[in-house]
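I opened the model and kept notes as I went through it. The entries follow in the order of looking.

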Amino acid sequence: MNYLTLEHITKNYGEKNLFDDITLHIDKGQKIALVAKNGTGKSTLLKVLTGEERSEREDSKVFVHKSITTGFLKQEPDFNPSDTVIDTIFDSNNPILSAIRDYEEAMILKKEGPELQAVLEKMEHHKAWDFEVKIKEILTRFNVKDLQQQIGTMSGGQQKRVALAKVLIEEPDFLILDEPTNHLDVDMIAWLEQYLSLPNRTVFMITHDRYFLDRVCNVIYELDQGQLHKYKGNYSYYLEKKAERTEIEAATMDKSKKLLKRELEWVRRQPKARGTKAKSRVDAFHALKDKTSGRVEKSDFKLEFKSERLGKKIVECHNVSKYFGTFKAVEKFNYKFKKRERVGIVGPNGVGKSTFIKLLTKELAPDTGKVVVGETIVFGHYHQEGIQLNADKTVLDVIRDIAEEIPLSSGQKLTPAAFLEKFLFSRKQQRVFVSQLSGGERRRLYLLTVLVKNPNFLILDEPTNDLDILTLNILEEFLDEYPGCLVLVSHDRYFMDKLTEHLFVFEGDGKIKDWNGNYKEYRAWKREQEAEIRQQEAVTQKAEKKEKPVSDKPKLTYEQRKEFNRLEKEIEKLEKKKSQLAEKFNDPNITPEIIKETSIQLNEISDTIDEKEMRWLELAELA
């Protein structure tokens, strides 16, 4: 069954041709990915699919099957900032979702009597209990806990997770997803992989996550120089066939350039007055010139910058601890970085990874122990919130303001223009203002402002978000040859596996595990550990069942069940408030008075949580 058809789609952005006369068919059950360089029109093509933008050709056709429902995840969610999470997620005409929304609101507001009874009857009428369990699983997977929180108070990453949860909860027949793995941690990505891989899912998405592409997709379209190229297979198959196509194009281009040279010589020899035959040959020359102007991408160069020499002492952590009230970010951490260290940092959001980086760079002082930084160390720190580029400057001026020339390890020097070309900013793009760049292009430029300073200790915090695959390949090639120390914080498993040699695994409560191996090996070990624990628990439960006499202990009363549900919500809200208070300690401008006040509040909330958890456990035992 055909879900969607595009024919003769053409779109220009000013003088730039994004795509020209392209055709696309999507059938039920297909899992299709669209890959391309940043700024070539990927997100624009999705907007044409969803009807937000129109093709510029009159004979264009956009057909979506009338019987299907479609869900669209935008790269940047567009929500009303004054709405709450529950208003946003359950904003739907679906009666089941409406019933669940009323039920969740009743639990939050602690409704009783006839009001609660009406909500429960509505849930029974629509048989919504099983669906409510599915919704809770999705919200839990994406760490969406406080349903009363206003959208405007959430970070960009939190809003993206709410948007993704909303799309999945609505269960549309056809999912259109723009960078769905951005702002997800590794466990979230793994769960989403399994969810989208189910046979009944039909997906069209943009993603740079190559493991995700390999495990989910069965068709890949590449948008290159305004044309779509189709590959029937996963990412591994795409790489193989892409290499073959590039080789053929390179050979054809080489022949065309030789022919062009001969034609150019002929054109220059001709007098101004030409006959019909001569004119036709001139027209053919211009057509050939247009053909050869399309450059085939190459990645056979190496970016070997000359960074500052590393001394004997690099960065040393001696018994380092950092606390924010009762929250332990780092506790008694010891490590001495060695030359050409390749460390990956992994762990769920909110466990202290950013705090750890700030301790290394001395943006934060430890509460115990010390961090010693060698005299020769020059830090380069790329972080997610650091994109502060002057929108009124051109791409070239941004780099030129930092360095007029970039020294290479070979002794040669690169001009800013040549440096930008290495990272896929053509001479034409270099004259473009920052305000006109796509999100991915802006991130790429910000990354270059860090690299151009030639640091010898490089810290990259989520550098892969919004970067296209070609840019990632070039970045990986550079980092593979990088002579300094490298610390990576990333949820991109492919990126981590390719570049890191060992990991700092943040396990929570200040504990950091030094794992000797890459992330793939760590995940395999962790799965083995979890399987052993589950097996042991099953054996223990079986033994307890045999030994345990039948209990005549009373079950929960109606009032106790209400209290049990209410406690769950209250504990969640208190945990959220506790995290928000702990986040205050990350503010470099925090005053001693605020530290003292916040610490008191954290202790009070921790005591309240302990009290409510004890009561919850009592009721859970009865349940």
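**Salt bridges**

I counted 31 salt bridges, taking one to be a side-chain nitrogen of Lys or Arg within 4 Å of a carboxyl oxygen of Asp or Glu. The model is predicted, so I note its limits: local features need pLDDT of at least 70, side-chain atom pairs count only at pLDDT 80 or more, and totals for chains, interfaces and linings use all residues. Residues are numbered from 1 along each chain as its sequence is written, and side-chain values use heavy atoms, with hydrogens and water left out.

I looked up lysine 74 and found its side chain in a salt bridge with that of glutamate 52, at 3.6 Å from N to O. Lysine 74 sits in the loop between β5 (70-73) and α2 (85-89) and glutamate 52 in the loop between α1 and β4 (61-64), so the pair ties together parts 22 residues apart in sequence. Lysine 74 is partly exposed because its relative accessible area is 31%. Glutamate 52, at 42%, is also counted as partly exposed. My classes are buried for under 20% relative accessible area, exposed for over 50%, and partly exposed in between (1.4 Å probe, protein chains only).

Next I took arginine 215, which forms a salt bridge with glutamate 193; their closest N and O atoms are 3.8 Å apart. Arginine 215 belongs to helix α8 (residues 210-216) and glutamate 193 to helix α7 (residues 186-197), so this pair ties together parts that are 22 residues apart in sequence. Arginine 215 is partly exposed at 44% relative accessible area, whereas glutamate 193 is buried at 8%.

Aspartate 367 has a relative accessible area of 41% and is partly exposed; lysine 322 has 10% and is buried.

I also noted a network of salt bridges that links Lys110, Arg566, Glu570 and Lys612.

Which residues form a negative surface patch? I listed Glu604, Asp607, Asp610, Glu611 and Glu613. Patch members have over 30% relative accessible area and no salt bridge, and like charges are joined within 9 Å.

**Side chain to backbone**

Where is threonine 40? I found it in the loop between β3 (31-35) and α1. Threonine 40 counts as buried, at 18% relative accessibility. Its side chain reaches the backbone oxygen of lysine 37 at 2.6 Å, a polar contact (a pair of N or O atoms within 3.5 Å; within protein, one must be able to donate a hydrogen and the other to accept it, and residues adjacent in sequence count only if both atoms are side-chain atoms).

In helix α1 (residues 42-50) I recorded Lys42, Thr44, Leu45, Leu46, Val48 and Leu49 as buried. Just after α1, glycine 51 takes a positive phi of about 85°.

I then went to lysine 160, in helix α6 (residues 156-169). Lysine 160 counts as buried because its relative accessibility is 3%. The side chain of lysine 160 reaches the backbone oxygen of glutamate 179 at 2.9 Å.

Most residues other than glycine have a negative phi. I noted histidine 8, in strand β1 (residues 2-13), with phi near 55°. Histidine 8 is partly exposed at 28% relative accessibility. Asparagine 319, in strand β10, has phi near 50° and is partly exposed at 37% relative accessible area.

**Last entry**

I looked up tyrosine 519, found in helix α18 (residues 519-547). Tyrosine 519 counts as buried at 6% relative accessibility. Tyrosine 519 and leucine 503 are 16 residues apart in sequence and 7.3 Å apart in space, C-alpha to C-alpha.

Methods: Patches are made of residues with over 30% relative accessible area and no salt bridge: like charges are joined within 9 Å, nonpolar side chains (Val, Leu, Ile, Met, Phe, Trp, Tyr) within 5 Å. Accessible areas come from the Shrake-Rupley method with a 1.4 Å probe; for residues, only the protein chains shown count as cover. Lys and Arg count as positive and Asp and Glu as negative; His and the chain ends are not counted. The place of a charge is taken as NZ of Lys, CZ of Arg, CG of Asp or CD of Glu. Helices (H or I, at least four residues) and strands (E, at least two) are DSSP runs, numbered from the N terminus.
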